[in-house]
Amino acid sequence: LSMDPWNERGINHLLTALESDPRGVESVYRLLYGQKLGSLVIPNEVRLIAENEDLEIQSYLFPCIAEELRPPRRIRVGAVQNKIVCPPSSPVAEQMLALHNQVKPIIDIAGQCSVNILCFQETWVIINSDGSVLGKTRKNHIPRVGDFNESTYYMESQLGHPVFDTPYGRIAVNICYGRHHPLNWLMYGLNGAEVVFNPCATVDSLSESLWPIEARNAAIANHYFTVAINRVGTEIFPHEFTSGDGKPAHKEFGHFFGSSYITAPDGVRTPGLSRTRNGLLIAEIDLNACRQVQDHWGFRVGLI
């Protein structure tokens, strides 16, 4: 499907157009994202591999105040957004193999960029750095909105809001539709999360206006880092379907618009990845920022 260049490039295209005026760039970044973040050095050989894979890479460095009594707790987190490779009507085994082949080079690239924690779309299983399974998590809130009638094939989780201790901090996964529920975000914070990943699959006509706000707001309200990840692409089904919502029968959900981003506890966020391309977003963060922002603002009484 063809797409208008302005819709494809989004706000980042406007920022690029301002590069000739550094003051304008700084002001726009401050108004949109809180501040203009520094970037990490990505090896040239990695960029060449990414170019061959048609993979967008963005990398950012979040600042943090040095403390007298606590050493820095710097880690690198990565967010992977990708398209579905095979048609959704293909046999499941074929779809799984195609996805595996697609994400393998992305995992390799993340490793070469020293990423410590990597999250994919719709993550359910948490695998530790030694390959052991730390545990699993499930969706707490099931959408029954338009075509997203997911209660036809699974129901709400009974696992609560688990937080996993890793060598790189305490992490949680707030899956997809859970981002619309502030108390869902709150519970991960009360359980001690320092980074909450939010892997999603949502389309532009449904929730793109909410997308830049929800995970960013959760980071501010709960004094932790959030990593919002969304799928990319438009998936065409062979047969028309309808969800009984009065809309005409159709063969696709709409455009999954990517735009994955990462937010710090003070509300400063990265620009988003592309609306149309596979991408890897990398950020170096200092987990000490969680306590620093909590001490400063005190929006939520927590365990950190």
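Leaving aside neighbours within four places in sequence, which residues is F164 in contact with? Select F164 and show everything around it: I126, L134, G135, K136, G169, R170 and I171 are in contact with F164, where contact means heavy atoms within 4.5 Å. This is a predicted model, in which local features need pLDDT of at least 70 and side-chain atom pairs count only at pLDDT 80 or more, while totals for chains, interfaces and linings use all residues. Residues are numbered from 1 along each chain as its sequence is written, and side-chain values use heavy atoms, with hydrogens and water left out.

**Stop 1**

F164 sits in strand β8; helices (H or I, at least four residues) and strands (E, at least two) are DSSP runs, numbered from the N terminus. The residue is buried, at a relative accessible area of 8%. Buried means under 20% relative accessible area, exposed over 50% and partly exposed in between (1.4 Å probe, protein chains only). For a distance check, pick P212: F164 and P212 are 48 residues apart in sequence and 26 Å apart in space, C-alpha to C-alpha.

Strands β4 (residues 125-127) and β5 (residues 133-136) run antiparallel and are joined by 3 bridges; two strands pair if DSSP finds at least two bridges between them. I126 has G135 in β5 as its bridge partner, and both I126 and G135 are among the contacts of F164. The two strands form a hairpin with 5 residues between them, and G131 in the turn has a positive phi of about 90°.

**Stop 2: the sheet of 5 strands**

Show β8, β9, β10, β11 and β14 as cartoon. They make an open sheet in the order β8-β9-β10-β11-β14, with mixed pairing. β8 (164-166) and β14 (261-263) are at the edges with a single partner strand each, so one side of each has no neighbour in the sheet. From one strand to the next the twist averages 25°; axes are lines fitted to C-alpha atoms, for helices over the stretch in contact, and angles run from 0 to 180 degrees between N-to-C directions.

Helix α6 (residues 182-190) packs on this sheet, where it touches β9, β10 (195-200) and β11 (225-230), and its direction makes about 145° with that of β10.

Now walk across the strands:

- β8 and β9 (residues 169-173) pair in the antiparallel sense over 3 bridges, with T166 opposite G169.
- β10 and β11 run parallel and are joined by 6 bridges; C200 stands opposite N230.
- β11 and β14 pair in the antiparallel sense over 3 bridges, and A228 stands opposite Y261.

Stay on β11, where 6 of 6 residues are buried. F225, V227 and I229 point one way from the strand, while T226, A228 and N230 point the other way.

**Stop 3: the cores**

Select F225. Not counting residues up to four places away in sequence, F225 touches E194, V195, V196, T263, A264, P265, I285, D286, L287, A289 and C290. The largest nonpolar core has 42 residues, of which F62, V77, V195, F197, F225, V227 and I285 touch the most other members. A nonpolar core is a set of buried Ala, Val, Leu, Ile, Met, Phe, Trp, Tyr and Cys residues joined through side-chain atoms within 4.5 Å. A second, separate core has 14 residues, including L40, L55, I109 and V115.

**Stop 4: the sheet of 4 strands**

Select β1, β15, β2 and β3. This open sheet has the order β1-β15-β2-β3, with mixed pairing. β1 and β3 (117-119) stand at the edges, each with a single partner strand, so one side of each lacks a neighbour in the sheet. With direction ignored, neighbouring strands are turned by 15° against each other on average. β1 and β15 (residues 279-286) run parallel and are joined by 6 bridges; S59 has I282 as its bridge partner.

**Stop 5: two positive phi values**

D54 lies in the loop between α4 (44-52) and β1 (56-61). Its phi is positive, about 55°, although D54 is not a glycine. D54 is partly exposed, with a relative accessible area of 46%. Then go to S259, in the loop between β13 (256-257) and β14. Phi of S259 is near 65°, and S259 is buried, at a relative accessible area of 13%.
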